[in-house]
Amino acid sequence: MNPVNYLYLAALLFTIGATGVLIRRNAIVVFMCIELMLNACNLAFVAFSRMHGNLDGQVIAFFTMVVAAAEVVVGLAIIVSLFRSRHSASVDDASLMKL
Amino acid sequence: MSPQLAAYSTSTGEAFQFWVLGTVAVIGALSTVFMKKAVHSALSLAGTMIILAVFYLANGAYFLGIVQIVVYTGAIMMLFLFVVMLVGVTAADSLKETIKGQRWLALLCGLGFGILLIAGIGNASLKEFNGLAQANANGNVEGLATFIFTKYVFAFEITGALLITAAVGAMVLTHRERTERAKTQRELAEERVRAGKHVPPLPAPGVYARHNAVDIAGLLPDGTPSELTVSKTLRERGQIRDVSTEALNDLKALEQRSEERLERTAVEPANLKRAEEASK
């Protein structure tokens with residue numbers, strides 16, 4: 001097996017995540033799909049790190065994980081406060097600015 | 001470090017692991033997108049993340065593999081599950097389309113994007129895989145630490161600032177200011193006496209019922225179920241289970257069956273009659 005297959009898998013997972021973001025209405029599931037995309041990117045970074053034979057890719061993947069953790073904390077806090085004021089986690093209901 | 005990591009082609013074991021676990025990862029990702037309930041999505045995503053951790057380990061990223069399990073499946077997915085519980089597990093996604101044809105358009109866009117990405121990888125000249133044998137020679141964690149604390153030290157410190165900002169932001173966003181003073185116990189008691197309703201304490205949950213679960217309304221001495229025995233939070237959420245009549249009916253059916261089996265007819269147990277009257 002060629003290690004390039006890891007890149008194909010990462011591309012596939014990223015695509016599935018992106019499609020999920022477009023399809024789903026529930027804000028939590030949309031957020032989970034974003035996490036899936038971040039993870040796919042991390043897999044690509046790790047595979048590239050192996051390809052080039054240095055650890056820079058792994059360091060970048062490590063920073064991605066840290067940023068993802070911070071992002072999840074703030075994003076979920078936003079979803080919770082949105083749910084409190086609106087009693088729904090659907091992205092369609094947040095349409096106050098629509099005419 | 002195994003010599004396979006340096007090779008152009010991987011070992012048979014790794015290939016087997018890739019095809020089996022890769023299939024499972026894709027299935028997990030698909031069910032994250034297509035499961036109707038958020039809890040199921042979260043669990044499938046956790047499975048996919050564990051498989052990705054195995055792939056990191058297979059690619060020589062030992063530290064990241066462990067961090068993936070600890071941070072992603074351990075912390076982030078549990079955070080997701082907490083929020084799903086908070087927002088309501090039973091709330092299924094509405095399947096109504098607000099924009100007509102949006103779902104098919106999204107699928108089409110996803111397909112096109114996937115083809116574009118995969119064609120791009122296919123066309124890139126990714127012939128040489130150097131492997132991490134040299135980079136990991138002094139240990140993967142030591143190698144990463146050298147990079148993080150020398151070349152990437154500014155990024156590392158900015159990360160610290162980011163984490164603090166995120167923690168403060170989460171606290172600010174979820175904090176709710178009290179608009180009025182909380183009533184003291186004395187004021188509550190006085191209010192209750194003034195209203196003249198339910199002056200004694202509320203009945204305890206499930207005392208007279210056949211079950212003692214807190215979400216089941218207890219039976220009053222006259223046999224009627226009382227919602228007052230269920231806690232106020234559950235009452236407001238509408239999560240009261242009423243099995244008192246159900247259980248009585250079950251019991252009746254059971255006794256009827258046993259009577260048929262014993263070929264008895266007219267004898268009716270006294271406690272059943274009493275229960276029947278109570279439920280009426």
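**Entry 1: α1 and α2 of chain A**

I began with the handedness of a helix pair in chain A: α1(A) and α2(A) cross in a left-handed way. I keep in mind throughout that this is a predicted model.

Next I looked up the geometry of that crossing. The axes of α1(A) and α2(A), the latter covering residues 27-52, come within 8 Å, and the crossing angle is roughly 165°. Angles over 145 degrees count as roughly antiparallel, so that is how α1(A) stands to α2(A).

Then I listed who touches whom. On the α1(A) side I found, among others, A:Tyr6, A:Leu13, A:Phe14, A:Ile16 and A:Val21. Their partners in α2(A) include A:Val30, A:Cys33, A:Met37, A:Asn39 and A:Ala47. Sorted by class, this contact holds 19 nonpolar and 3 polar residues, with no charged ones.

**Entry 2: α1(A) by itself**

I checked how far the helix extends. α1(A) spans residues 4-23, which makes 20 residues, and covers 29 Å from its first C-alpha to its last. That is close to the 28 Å expected at 1.5 Å a residue.

Is α1(A) largely enclosed or largely open? I found 14 of its 20 residues buried, so the rest of the structure largely encloses α1(A).

**Entry 3: the fold of chain B**

I turned to chain B and found 10 helices and 2 strands. Reading from the N terminus, the order is α-α-α-α-α-α-α-β-β-α-α-α.

For burial, I noted that 21% of the 280 residues in chain B are buried. I also looked at contacts in chain B between residues at least 6 apart in sequence: 45% of these join residues at least 24 apart.

**Entry 4: α1 and α2 of chain B**

I wanted the corresponding numbers for α1(B) and α2(B). Their axes lie 8 Å apart and the packing angle is about 155°. With 145 degrees as the limit to exceed, α1(B) and α2(B) are therefore roughly antiparallel. The crossing of α1(B) past α2(B) is left-handed.

From α1(B), the contact draws on residues including B:Glu14, B:Gln17, B:Leu21, B:Val24 and B:Thr32. From α2(B), I picked out B:Ser41, B:Leu45, B:Thr48, B:Ile51 and B:Val54, among others. The class count here is 9 nonpolar, 8 polar and 1 charged.

**Entry 5: one residue, B:Ile69**

I zoomed in on B:Ile69, which sits in helix α3 of chain B. How many other C-beta atoms lie within 10 Å of B:Ile69? I counted 17, and a residue needs 20 or more to be called buried, so B:Ile69 is partly exposed.

Setting aside neighbours within four places in sequence, I found B:Ile69 in contact with B:Ile50, B:Ala53 and B:Gly74.

**Entry 6: where the chains meet**

Last, I looked at the contact between the chains. Chain B supplies 71 residues and chain A supplies 65. On the chain B side, the elements giving two or more residues are α1 (12-34), α2 (38-58), α3 (62-87), α4 (102-123), α5 (140-149) and α6 (153-174).

Methods: Residues are numbered from 1 along each chain as its sequence is written. Chains are lettered from A and ligands numbered from 1 in the order in which they are written. This is a predicted model: local features need pLDDT of at least 70, side-chain atom pairs count only at pLDDT 80 or more; totals for chains, interfaces and linings use all residues. Two residues are in contact if their C-beta atoms, placed from the backbone, lie within 7 Å. Helices (H or I, at least four residues) and strands (E, at least two) are DSSP runs, numbered from the N terminus. The expected span of a helix is 1.5 Å times one less than its number of residues. A residue is buried if 20 or more other C-beta atoms lie within 10 Å of its own, exposed if 12 or fewer, and partly exposed in between; C-beta atoms are placed from the backbone. Axes are lines fitted to C-alpha atoms, for helices over the stretch in contact, and angles run from 0 to 180 degrees between N-to-C directions. Angles under 35 degrees count as roughly parallel, over 145 as roughly antiparallel, 65 to 115 as roughly perpendicular and the rest as oblique. A crossing is left-handed if the near helix is turned anticlockwise from the far one by less than a right angle, and right-handed if clockwise. Ala, Val, Leu, Ile, Met, Phe, Trp, Tyr, Cys and Pro count as nonpolar, Asp, Glu, Lys and Arg as charged, and the others, Gly among them, as polar.
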